[in-house]
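Hi everyone, thanks for coming. Today I'd like to walk you through one protein, so please have a look at the screen.

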Amino acid sequence: MSHVTYTVRYCTLAPFESTSTMLIALQVIIILTCLVIGAHRGGMALGLIAGVGLLILVFAFRLEPGSPPVSVILTILAVIGCAATPSRSPSWDR
């Protein structure tokens, strides 16, 4: 009996040198598509559909979500609160 040795060669995609570049491009396309759809629907749909995009990245691409940007969220909340205050003030109606 003779032993036969097989060599396994991995094939890469011809147009792409690296599949990581293709994966990054696909992830950017998914996020931008979700943001455009959410912006088109307006209101709370922007946040909800962006969350759907995040779920796709976490469960389909196995990416770990980062920590929430608490300082940015609080800054936006403060700016919105300051912008809404003069509209509720009775002295600004004159």
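**A walk along the helices**

Let's start with the overall layout: this protein has 3 helices and 0 strands. Starting at the N terminus, the order of the elements is α-α-α.

A word on what we are looking at. This is a predicted model, where local features need pLDDT of at least 70 and side-chain atom pairs count only at pLDDT 80 or more, while totals for chains, interfaces and linings use all residues. Residues are numbered from 1 along each chain as its sequence is written, and side-chain values use heavy atoms, leaving out hydrogens and water.

Now, how much of the protein is buried? Of its 94 residues, 10% are buried. Buried here means under 20% relative accessible area, exposed means over 50%, and partly exposed lies in between, with a 1.4 Å probe and protein chains only. The accessible surface is about 8600 Å², and 69% of that belongs to carbon and sulfur atoms. Those areas come from the Shrake-Rupley method with a 1.4 Å probe; for residues, only the protein chains shown count as cover.

Next, please find H1. Its 23 residues reach 33 Å from the first C-alpha to the last, close to the 33 Å expected at 1.5 Å a residue. That expected span is 1.5 Å times one less than the number of residues. Which residues of H1 are buried? They are Gln27, Ile30, Cys34 and Gly38, and the buried residues of H1 pack against H2. Contact, by the way, means heavy atoms within 4.5 Å. Just after H1 comes Gly42, with a positive phi of about 75°.

On to H2, residues 44-60, where 17 residues span 24 Å, close to the 24 Å expected. Ala45, Ile49, Gly53 and Leu57 are buried in H2. Viewed down the axis of H2, its buried residues fall within an arc of 120°, so they line one face of the helix. The arc is taken from the directions from the helix axis to the C-beta atoms. The buried residues of H2 pack against H1, while on the other side Met44, Leu48 and Phe59 are exposed. After H2 comes Arg62, whose phi is positive, near 60°.

Finally, the cysteines. Cys34 counts as buried because its relative accessibility is 10%, whereas Cys82, at 57%, counts as exposed. How many disulfides are there in the whole structure? The search finds 0, a disulfide being a pair of cysteine sulfur atoms within 2.5 Å.

Note on methods: Helix = DSSP H or I, 4+ residues; strand = E, 2+ residues; numbered from the N terminus.
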